[in-house]
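Please keep the sequence and the coordinates in view while reading.

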Amino acid sequence: MQFYRDGYRPGDPDLQPASPEALARTVEVPAEVDVLIVGTGPAGTVLAAQLAEFPGIRTRIVERRGGPLQVGQADGVACRTVEMFNAFGLAEALVREAYWVNEVRFWGPSDEDRSRIVRTGWVEDTPEGLSEFPHVIVNQARMQQFLLEHASRSASRLEPDYGIEFVDLQVGEGEYPVQVALRRVDGERAGEELTVRAKYVVGCDGARSAVRRAIGRELRGDAANHAWGVMDVLAVTDFPDWRTKNVIQSAGKGSLLMIPREGGNMVRCYVDLGEVPAGDSEIRGTTVEQLTEVANAILHPYSIDVRSVAWSSVYEVGQRLTDRFDDVPDDDTTGRAPRVFIAGDACHTHSAKAGQGMNVSMQDAFNLGWKLAAVLRGLADESLLHTYSAERQAVAQDLIDFDRFWSAFIAQPTLDRARPELGGVTPEQMQTEFARQGRYTAGLATRYSPSALTGTAEHQHLAAGFEIGTRFHAAPVVRVADARRMHLGHTHRADGRWRMYLFGEADRVVEAATWLGESPDSPVARFTPAGADIDAVFDVHGVFRAGHHDVDLGAVPELLLPRTGPLGIQDWEKVWAVDPRHDVFAERGISPDGAAVLVRPDQHVAHVLPLSTRTELTDFFSGILRPQRAPALR
């Protein structure tokens, strides 16, 4: 984290000085906004945190509830989500507070007495090397609080408007083409109606999304729902694995998923209540006492004595998906840009067994946020917004397919070795399959297909470990200026900028960085607005195939030691060297010829190109960004 670039100021550096736009913010929802976010769930809070980075974008977020979510709902935080939180500067606080999922243990019926469960094995939850961050457990309400606090402490001072529900919308013409009807549902002014005109509206309002209905989209999928009873309990127990994640299958009494919670004492119990017809609400009457009774039957010969229930719910979720995540009609031939988007549960739902709901919802918003910001800041044409639905609908379809397979697999009965003709899955098969799916459950399976935003693989061999379309896999390096060892990916902030990492020998890196910073044909010159800092659009880093004592900072071009900010002082954090304990060139398969690795603002690898590439590099960004005038060098 860098601060004092605008001059010294005392106090908490995470609390940004309020921008003039924030100081002019009204208590009332204004008549016109750039982006209206509906809902403060996982997707809505990520989008708010992302857009809060840009005070010049007028963003408002409305929420029907009278205040922030307090307890319950989702809790599993995939490694990929922690990586994203790091871009907001929130990962350190998150992992400090969270429960770390290190192992998954499996329990099933004893061969000697099938009324009793026994431990059948265990696997490492996240295989070594997938991510530098762990899989953690944190209450969804706390996750959202982290993001909302980040938005409120930004220069935008963005905070939700609570007690306001979405009613309907109409898409028309003009600068603010979306007319939105809202209604107050809380306080003395309950029932009062409001009208807001917006450039863009994003529905993050859950599986029963009113925004989705307003644009004529439907969730389609299975006719049945899977029912779950969930309770966060403080209990006394003789079950020995109370503080590890457990998948427990009984002989005919159901299955149980146990996930320890943050704080060292509480545990979440997911009790599988089976399939129910869609729309059948009778199952929701299941009580905590009944859930506890079922859990104890499954756990025999062990038991839990529940002393306190922090939160409980019974819910049904089906595997459903919308065919498009925006308001562009399926038969539209005009090429008009989307004006209304949906994200998260508003456009895809699935069972709890995949553990991906909150995580995929947040990634939806992370994908959309930088694109909205690029368009609204004039850096990209509105055509960029078509890529949101194209990319994220495909990801959601993959999730539905995985969830359907995974749910069916773990719903199988445990094999009775005395009666193998009845079928079922062995404990060994369960463990093997769980380990095989580790990359998916860690949130790292997403790979965007070749498009305007994602290149093709003809140069992939130059950096095999940075797979095009996947998230940028952080690796240890040493910062030359201060000899600090850190992961290169941790330089990536959620600020809407593209990253270029130039890997190679000193002369090749210097030559590439000099061209990028000085040639009028480079993408830095073409796409950085006049008068903006040289790194306002592209954050370029040099990674030298050398030790940090062997890199001469006096010989690096200005692009790698840029003078930025109102004071025009150097940025010393863009030049890197090899960590002798973890050679990034070897660990990520980087060619002796070097490579330029381009990374999107949402941390996914956009392209891998030779360091010597010139025209191809500029042409790639010409398909994404609007030409601007050359930046001002200081």
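A residue is called buried when its relative accessible area is under 20%, exposed when that area is over 50%, and partly exposed in between. The model discussed here is predicted.

With that cut-off in hand, helix 5 may be considered. The buried residues of helix 5 are Gln140, Ala141, Met143, Gln144, Phe146, Leu147, Leu148, Ala151 and Ser152. An α-helix has 3.6 residues a turn, so residues three or four places apart point the same way. The cover over the buried residues of helix 5 includes helix 2 (42–51), strand 3 (76–77), helix 3 (79–87), helix 4 (91–97), strand 8 and helix 8.

The overall division of the chain comes next. It is split into domain 1 (1–98 + 138–223 + 319–411), domain 2 (100–133 + 225–315) and domain 3 (460–623). The centres of domain 1 and domain 3, taken over C-alpha atoms, are separated by 30 Å. Between these two domains, 21 residues of domain 1 are in contact with 24 residues of domain 3.

The largest nonpolar core has 113 residues, of which Leu372, Trp498, Phe538 and Phe621 touch the most other members. Helix 8 (residues 357–376) supplies the largest share of this core, 10 residues. Domain 1 and domain 3 each contribute at least three residues to this core. Leaving aside residues up to four places away in sequence, Phe538 touches Trp498, Met500, Pro523, Val524, Phe527, Thr528, Phe621 and Leu625. A second core, separate and made up of 23 residues, includes Val230, Leu399, Ile410 and Tyr440.

An unreviewed UniProt entry annotates residues 446–628 as "domain: Phenol hydroxylase-like C-terminal dimerisation". Over residues 446–628 the chain is 16% helix and 22% strand, with its end C-alpha atoms 32 Å apart. One of the elements to examine here is helix 12 (residues 506–518), whose 13 residues should span 18 Å at 1.5 Å a residue; the distance of 18 Å between its end C-alpha atoms agrees. Within helix 12, Val509, Ala512, Ala513, Trp515, Leu516 and Gly517 are buried. Those buried residues pack against strand 23 (498–504), helix 13 (523–527), strand 24 (538–544) and helix 15 (615–622).

How many disulfides does a search of the whole structure find? The search finds 0. Cys204 is in no disulfide, and the nearest cysteine sulfur, that of Cys347, is 8.6 Å away. A disulfide requires the two sulfur atoms to be within 2.5 Å, so the 8.6 Å from the sulfur of Cys347 to its closest cysteine sulfur, in Cys204, is too far for a bond. Cys204 is buried, with a relative accessible area of 8%, and Cys347 is also buried, at 0% relative accessibility.

Several features of the backbone complete the account. Most residues other than glycine have a negative phi, and most peptide bonds are trans. The peptide bond from His300 to Pro301 is cis, with omega near 20 degrees. Pro301 lies in the loop between helix 7 (288–299) and strand 17 (304–317). Tyr4, which is not a glycine, has a positive phi near 70 degrees. Tyr4 belongs to the segment before helix 1 (20–23) and is partly exposed, with a relative accessible area of 38%. Arg157 likewise is not a glycine and has a positive phi, of about 50 degrees. Its place is in the loop between helix 5 (140–153) and strand 8 (161–162), where Arg157 is partly exposed, at a relative accessible area of 25%.

At 29% relative accessibility, Gln412 counts as partly exposed. Gln412 touches Gln249 and Val425, not counting residues up to four places away in sequence. From Gln412 to Leu561 there are 149 residues in sequence and 59 Å in space, C-alpha to C-alpha.

Methods
Residues are numbered from 1 along each chain as its sequence is written. This is a predicted model: local features need pLDDT of at least 70, side-chain atom pairs count only at pLDDT 80 or more; totals for chains, interfaces and linings use all residues. Side-chain values use heavy atoms; hydrogens and water are left out. UniProt positions are given in the numbering used here, feature names are shortened, and annotations may be inferred rather than shown by experiment. Helices (H or I, at least four residues) and strands (E, at least two) are DSSP runs, numbered from the N terminus. The expected span of a helix is 1.5 Å times one less than its number of residues. Buried means under 20% relative accessible area, exposed over 50%, partly exposed in between (1.4 Å probe, protein chains only). Contact means heavy atoms within 4.5 Å. A nonpolar core is a set of buried Ala, Val, Leu, Ile, Met, Phe, Trp, Tyr and Cys residues joined through side-chain atoms within 4.5 Å. Domain bounds come from an automatic or database domain assignment.
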